[in-house]
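Please keep the structure open while reading.

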Amino acid sequence: MKTTMKGLSLMAASGLLVALGGCNDDSKNPPDTTNPPALNALPAAISGTVIQRSYDGVSNDLLTAGLGADGLGSVTAPAIADALNPTVDELRKRAIHGNYRALVPTGAGSGYGEFFGPTVGTTSSTGMIAGEEWLAQADLESGTRVTVMVQVPESFDADNACMVTAPSSGSRGIYGAIGTAGEWGLKRGCAVVYTDKGTGTGAHNLTENRTQNLEGQLVSAGDAAALFQADLTDQERTDFLADTPDRFAFKHAHSEQNPEASWGASVLESVRFGFYVINELHGSENDRDQKLVTLKPANTLVIASSVSNGGGASVLAAEQDTEGLIDGVAVSEPNVNPEASGSFSIQQGSAAAITEHSRSLLDYTTALAVYQGCANLAPSIRDSAPLNAFFNDFDINENTCSALAAKGLVSGADVDARAEHALSILNDEFAFQAEQNLVQPGNYGINVPQGIAVTYANAYGQFSVADNLCGFSFGATSANESGVLSEAHERVLFASSNGIPPTGGVNVIYNDAAGVPTLMSAATSPSSSLQDYALDGFLCLRGLATGVDPETGDELTGEALAQSERVQAGIEAIRASGNLQGKPAVFVTPRNDQILPINHTSRPYYALNQTIEGDASQLHYYEVLNAQHLDILNDFAGFNERYIPMHHYLFEALDLMYAHLDEGTALPPSQVVRTTPRGAGAPAITAANLPDIAAEPAVADRIEFDASVLSIPD
């Protein structure tokens with residue numbers, strides 16, 4: 001009865017059990033005075049200082065950092081009074097502003113302020129939310145150190161207690177999901193539990209030997225409050241800088257921990273911390289004024305949520321939950337790497353069935369890093385892909401096509417033919433959706449697959465920053481060469497960085513570039529005489545992802561083989577089992593997802609879950625048309641006409657899951673959601689563009705799994 005009693009008060013729940021034949025009659029079962037409720041205790045994993053702050057919802061608040069809905073939606077970042085001495089409050093305000101706007105479109109007509117945003121669904125004119133914020137670090141059994149945070153709004157009701165997980169998307173810091181699961185939970189009156197999943201900013205300036213603390217201020221390496229520092233002796237650091245000066249180590253890439261293997265554990269630890277905090281604030285007190293554990297999983301509705309990497313972390317947490325902490329899952333575009341299985345295929349419409357699904361993120365991302373630069377010039381997409389010409393240098397794209405042709409990796413008599421061949425490789429060999437083709441060039445132009453490839457290869461193989469894996473490192477650049485990051489930029493990295501360079505003024509540098517270490521996007525490979533986006537370096541990373549030399553097709557040997565084995569072991573450590581233990585779950589995923597292609601993430605995860613759980617499965621999968629991974633791009637011309645906000649469907653997924661857990665409302669069957677783009681001129685989005693997930697979808701829209709085939713309607 002757990003899922004139907006969560007929305008009831010404790011007294012009402014007891015009465016319901018009696019009505020159903022339970023044994024809650026005190027005359028038959030008097031209270032167990034020999035085993036009273038336990039005293040509330042800080043989880044053992046929490047280390048160091050717990051920072052607790054209260055926000056009045058007027059001068060400052062949980063959701064908008066005092067900016068209100070208008071300030072949060074503004075393109076202007078909050079000011080820093082003294083650039084070399086930002087305050088904790090200034091860093092928090094800028095971090096919330098930056099992380100919110102990185103995920104939520106706020107431009108004219110985008111839906112901000114009407115379908116989503118701090119004021120939507122409330123009576124507040126500002127969207128500010130009063131409450132408590134508790135911040136700490138946790139040391140997991142794996143050795144990974146993560147940041148955890150709990151926000152408890154003033155509207156939290158202990159008699160109808162609820163909690164939402166909000167692990168950060170991407171490699172963002174602790175406020176990385178403030179605008180997604182955070183906003184929904186706070187407005188619902190739920191406690192929201194956050195974690196950076198062992199990623200986050202954590203930028204170690206190796207030259208100055210300093211990094212950030214829990215609240216983002218610079219501290220010397222070795223400080224107990226440091227978020228991260230590279231595991232180097234002073235001599236090792238000196239030696240590294242002698243060859244590659246002015247470099248940074250980043251937490252996700254260089255912690256030598258493969259934090260993704262602990263993402264599920266990170267979320268579960270944040271939930272434990274959440275229960276501690278809500279019992280401190282709202283639990284019963286005994287005669288000695290000590291808090292008792294009265295808010296528990298049995299009487300608190302817990303939804304695991306978030307988007308992208310955060311969504312994947314919540315899915316892993318649900319798989320690994322052995323304590324009954326999580327009641328349901330509602331995630332958007334989750335980064336799940338399901339265990340590869342040949343027991344099923346995926347078929348969209350009447351197209352040929354796909355059996356080569358479930359590739360790892362590093363596999364398909366290194367393929368993008370190698371081929372997309374050339375594919376940008378394919379005549380079928382070159383002029384129609386939004387932001388292609390704006391973000392990409394077509395001359396360098398052409399050089400990349402030539403370099404790939406010289407290595408025998410693409411063919412064709414001219415650049416047009418070579419570019420089309422590169423595009424076909426991504427579509428045919430790697431099962432990228434044709435619907436993704438127009439989105440990829442802009443994504444490549446802002447260096448998303450390149451930054452992911454470098455960071456994740458380092459993380460999976462647990463490499464040190466000093467390893468300079470495949471010739472890549474992180475640092476500032478000047479005139480495309482290695483340079484020095486200004487102190488003013490470094491002091492706000494906590495707020496300005498997304499955790500994966502290029503970010504916050506720190507770039508990806510190709511140390512092995514012909515000539516001198518050069519900005520990756522301007523680099524010339526040793527095997528080429530022209531700029532080619534550091535192609536040799538990405539071919540190296542591709543080899544580590546597959547164990548095969550991408551040029552010759554031969555298996556790797558020597559040091560390359562050893563490095564590849566480390567990387568592939570790390571990939572296997574993060575694979576998802578597909579077993580949600582019967583938990584109700586909702587996935588909403590955009591068909592045009594350019595970062596997490598659906599034939600390797602949500603689709604095969606759903607099929608794997610059906611295979612493993614069978615009729616016991618409660619996973620529902622909704623695939624949204626005319627939507628892509630980065631909603632913030634919808635504020636740009638071309639994107640705003642073609643793509644609707646996935647953000648809206650995350651909130652609908654959460655609404656559906658809450659109603660299911662609280663009221664027993666049935667979840668809609670798996671289906672394709674047929675949205676309508678805004679069209680030419682991008683008029684303001686309306687409800688007509690965003691149809692609800694249908695309670696009873698048409699037969700032609702239903703997603704089915706039968707006879708080991710996952711069938712997806714066109």
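The second largest cavity in this predicted model is lined by Ala-95, Asn-99, Gly-173, Ile-174, Tyr-175, Phe-494 and Ser-497. Its volume is about 40 Å³. By class, that lining holds four nonpolar and three polar residues, with no charged residues.

**Largest cavity**

- The largest cavity has a volume of about 60 Å³.
- Its lining consists of Thr-147, Gly-173, Ile-174, Asp-196, Gly-200, Thr-201, Leu-214, Leu-227 and Phe-494.
- Four of these lining residues are nonpolar, four are polar and one is charged.

**Cavity count**

- How many cavities of 30 Å³ or more are there? The count comes to five.

**Pro-441**

- Pro-441 sits in helix α14, which spans residues 440-445.
- Is Pro-441 buried or exposed? Pro-441 counts as buried because its relative accessible area is 0%, and the cut-off for buried is under 20%.
- Setting aside neighbours within four places in sequence, Pro-441 is in contact with Gln-372, Asn-376, Ile-381, Ala-385, Asn-388 and Asn-392.
- Pro-386 lies 55 residues from Pro-441 in sequence. In space, the C-alpha to C-alpha distance between Pro-386 and Pro-441 is 7.7 Å.

Terms used:
Residues numbered from 1 in each chain as written. Predicted model: local features only at pLDDT ≥ 70, side-chain atom pairs only at ≥ 80, totals over all residues. Heavy atoms only, no water. 1 Å grid on protein atoms, 1.4 Å probe; cavity = no way out; pocket = protein on both sides within 12 Å on 5 of 7 lines; lining within 4 Å. Points joined across faces, edges and corners; volume = space filled by probe spheres on them. Nonpolar A, V, L, I, M, F, W, Y, C, P; charged D, E, K, R; others polar. Helix = DSSP H or I, 4+ residues; strand = E, 2+ residues; numbered from the N terminus. Buried < 20%, exposed > 50% of the residue type's maximum accessible area, 1.4 Å probe, protein only. Contact = heavy atoms within 4.5 Å.
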